[in-house]
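These are my notebook entries on a single protein model, written down in the sequence in which I looked things up.

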Amino acid sequence: MFNIVLVHPQIPQNTGSIGRMCVNADCKLHIIKPTMFEISDKTVKRAGLDYWHLLDVTVWENLEAFLEAHRDKVDHFFFATTKTKKTYFEASFKPGDFLFFGGESTGLPMELMQMKWENAITIPMGKLGRSLNQATSAGIILYDAIRQNFETFKATSLA
């Protein structure tokens, strides 16, 4: 239904949780190296529980390789970031879109987001908040995308 793209993830438990969510939401997971852990790390698989073997996942050696393979889909890239005022509920998501999330301490590279800056989106937070957990952010945005396309989701995933 959707593509979740983790660019340089750093915390294996977040990646495992997002992988589990992807299985349950019929999404593909793209993991872009370098990572701060081995994908086979038991903490990734523990967080993904018994879902990991069901996950549709591709691990990319670097961002350039991912972009080369998906350059024709840039209009469908959405970037979760704290560097914009545009909220995720202002975005119109379509099946097949790519939802990007950056490393937990680094965020997404600005040059990546500038490929389609109008698709940079944020999750509103109170004045004391700096950012949300990567897995929490992915869940918030993914499930709003599903909500926007629920008829398609029901037809393809719940049938």
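**Entry on a strand pair.** I started with strand S1, residues 3-7, and found that five bridges join it to strand S2, residues 28-32, with the two strands running parallel. I keep in mind that this is a predicted model. As a reminder to myself, strands of a sheet pair through backbone hydrogen bonds, and the pairing can be either parallel or antiparallel.

**Entry on the whole sheet.** Next I asked in what order the strands of the sheet lie. I read the order as S3-S2-S1-S5-S4-S6, an open sheet of six strands with parallel pairing. The edge strands are S3 (56-60) and S6 (120-121), each of which pairs on one side only.

**Entry on helices against the sheet.** I then looked up helix H1, residues 12-24, which packs on the sheet and touches S1 and S2, and whose direction makes about 155° with that of S2. Helix H5, residues 134-148, also packs on the sheet, where it touches S1, S4 (77-80), S5 (98-102) and S6. For H5 I wrote down an angle of about 160° between its direction and that of S5.

**Entry on one residue of H5.** Is aspartate 144 buried or exposed? I had picked this residue from helix H5, and its relative accessibility comes to 9%, so it counts as buried, since the cut-off for that word is under 20%. Setting aside the neighbours within four places in sequence, I found aspartate 144 in contact with Tyr88, Phe89 and Phe93.

**Entry on the chain as a whole.** I stepped back and listed six helices and six strands for the protein, which follow one another along the sequence in the pattern β-α-β-α-β-α-β-β-α-β-α-α. Of the contacts with a separation of 6 or more, 79% are between residues 24 or more positions apart.

**Entry on size and surface.** The C-alpha trace spans about 40 × 35 × 35 Å along the principal axes. Why did I write that the radius of gyration agrees with a compact globule? A compact globule of 159 residues would have a value near 15 Å, and the protein has 15 Å, so the two agree. Buried residues make up 49% of the 159 residues. Finally, I noted that the protein exposes about 8,200 Å², of which carbon and sulfur atoms supply 53%.

Key: Residues are numbered from 1 along each chain as its sequence is written. This is a predicted model: local features need pLDDT of at least 70, side-chain atom pairs count only at pLDDT 80 or more; totals for chains, interfaces and linings use all residues. Side-chain values use heavy atoms; hydrogens and water are left out. Two strands pair if DSSP finds at least two bridges between them. Helices (H or I, at least four residues) and strands (E, at least two) are DSSP runs, numbered from the N terminus. Contact means heavy atoms within 4.5 Å. Axes are lines fitted to C-alpha atoms, for helices over the stretch in contact, and angles run from 0 to 180 degrees between N-to-C directions. The radius of gyration is taken over C-alpha atoms; the globule rule is 2.2 Å times the number of residues to the power 0.38. Buried means under 20% relative accessible area, exposed over 50%, partly exposed in between (1.4 Å probe, protein chains only). Accessible areas come from the Shrake-Rupley method with a 1.4 Å probe; for residues, only the protein chains shown count as cover.
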